[in-house]
Amino acid sequence: MYLCTIMILRKLSILNYKNIREATLTLSPKINCFIGHNGVGKTNVLDAVYYLSFCRSASNPIDSQVIRHEEPFCMIEGLYTGDSEGTELVSCGIKRGVKKHFKRNKKEYKRLSEHLGLIPLVVVAPADTLLIEGGSEERRRLMDMVISQYDRSYIDALTRYNNALLQRNTLLKQEDPAPDPMLLQIWEEQMAESGEEIYRKRDAFVRELVPLFQQFYDQISSGREAVGLEYLSHCQRGPLLEVIQRDRHKDLAVGYSLHGVHRDDLVFTLGGHPMKREGSQGQNKTYAIALKLAQFDFLKRTSSKTTPLLLLDDIFDKLDAERVEQIVRLVSGDAFGQIFITDTNRDHLDQILRGSALDYKIFDVENGEITEKDV
């Protein structure tokens with residue numbers, strides 16, 4: 001058994017973030033439920049919590065677009081406590097046309113990557129079905145998001161690789177004069193060196209993830225279906241430099257790099273067949289949730305030894321009552337720490353939570369206004 005620090009978000013302050021004008025919330029250390037109709041701002045609360053972990057929004061890569069309409073700036077601040085007596089105050093200020101300020105205990109970070117992993121977090125959301133239905137970039141992003149939370153050197157390797165890939169692609173598009181073979185060689189060597197480091201870390205991650213994922217899927221589905229997960233990479237064909245250079249003539253013809261870890265993928269299966277083709281809506285959602293819960297368990301085991309925050313955004317839709325009950329039973333256990341849930345139906349959540357002895361709070365959300373309700 002491994003011991004983990006449990007990081008708790010005690011207080012969340014939001015000003016002009018998306019449709020939330022102003023809110024100061026004192027939170028439960030276990031379960032926090034945000035109830036309201038679609039489009040009223042429930043997900044925006046969770047996105048603010050996400051921002052404090054990842055220095056960016058989960059849904060919008062452009063910082064200025066998270067500022068409330070007609071306002072010049074926005075602020076988010078979170079007060080966290082761990083198992084020890086100390087606290088962590090994390091804050092972010094974003095002003096239109098100005099670089100954002102991200103601070104830990106009132107001291108600004110020089111590099112935002114220094115913050116990643118301090119407050120590990122896993123979010124389960126409707127868009128997770130894109131992992132199954134979408135392109136390979138969604139599945140690579142999943143690997144990158146988890147590994148970067150516990151391995152800073154991975155972020156550096158990704159940065160070096162992407163820079164070398166960009167430089168090589170620029171040369172490949174060059175027609176007159178033809179690209180210098182020596183320059184191509186330099187960028188290919190950098191791609192191969194960083195790419196093989198990325199591959200080793202992704203491969204180790206997937207090997208550990210698969211049994212955890214299968215265990216969670218089995219629990220949620222009550223053992224009804226068998227699922228699989230396989231990692232595919234050009235690095236599995238031999239030394240990456242050889243793989244890249246072997247088809248350089250094809251790359252020159254198309255004007256971009258056809259081989260490398262930027263083409264890695266995960267293959268999802270149900271009963272030995274592609275999940276994309278075989279899975280129902282409920283099975284796809286179960287698959288995505290099991291994958292995210294496995295990430296959660298994996299992050300607990302890594303060097304940070306910190307229990308992540310868990311955000312469950314509208315996850316009960318399209319799932320039968322039995323699967324919903326299994327998920328709630330799972331996340332209510334001692335293995336999970338603080339949880340944030342959104343739903344449109346308070347009766348639904350009350351029914352689930354009243355049967356447990358867990359501490360919980362319920363907040364009503366309406367047009368960006370958040371009100372704590374009696375439980």
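Reader: What radius of gyration would a compact globule of 375 residues have, and what does the protein chain have?
Author: The globule would be near 21 Å and the chain has 22 Å, so the two agree. The radius is taken over C-alpha atoms, and the globule rule is 2.2 Å times the number of residues to the power 0.38. The C-alpha trace spans about 70 × 50 × 40 Å along its principal axes. This is a predicted model, where local features need pLDDT of at least 70, side-chain atom pairs count only at 80 or more, and totals for chains, interfaces and linings use all residues. Numbering runs from 1 along each chain as its sequence is written, and side-chain values use heavy atoms, without hydrogens and water.

Reader: How many helices and strands does the protein chain have?
Author: Eleven helices and 17 strands. Both are DSSP runs numbered from the N terminus: H or I over at least four residues, E over at least two.

Reader: Which hand is the crossing of helix 4 and helix 5?
Author: Left-handed. That name applies if the near helix is turned anticlockwise from the far one by less than a right angle; clockwise is right-handed. The axes of helix 4 and helix 5 come within 8 Å and cross at roughly 145°. Angles run from 0 to 180 degrees between N-to-C directions, with axes fitted to C-alpha atoms over the stretch in contact. The contact has 13 nonpolar, six polar and six charged residues. Ala, Val, Leu, Ile, Met, Phe, Trp, Tyr, Cys and Pro are nonpolar; Asp, Glu, Lys and Arg are charged; the others, Gly among them, are polar.

Reader: What makes a space a pocket, and what makes it a cavity?
Author: On a 1 Å grid over protein atoms alone, a 1.4 Å probe fits in a cavity but cannot get out; a pocket is an open set with protein on both sides within 12 Å along at least five of seven lines, and lining residues have an atom within 4 Å of a point. The largest pocket holds about 760 Å³. Its lining has 31 residues, with Tyr50, Ala58, Val123, Asp128 and Lys292 nearest the centre. Helix 1 gives the largest share, six residues.

Reader: How many cavities of 30 Å³ or more are there?
Author: Two. A volume is the space filled by probe spheres set on grid points, joined across faces, edges and corners. The largest cavity has about 40 Å³. Helix 9 gives the most to its lining, three residues. The second largest cavity has about 30 Å³.

Reader: How does the lining of the second largest cavity divide by class?
Author: Seven nonpolar, no polar and no charged residues. They are Phe316, Val328, Val331, Ile341, Leu349, Ile352 and Leu353. Helix 11 supplies the largest share, three residues.
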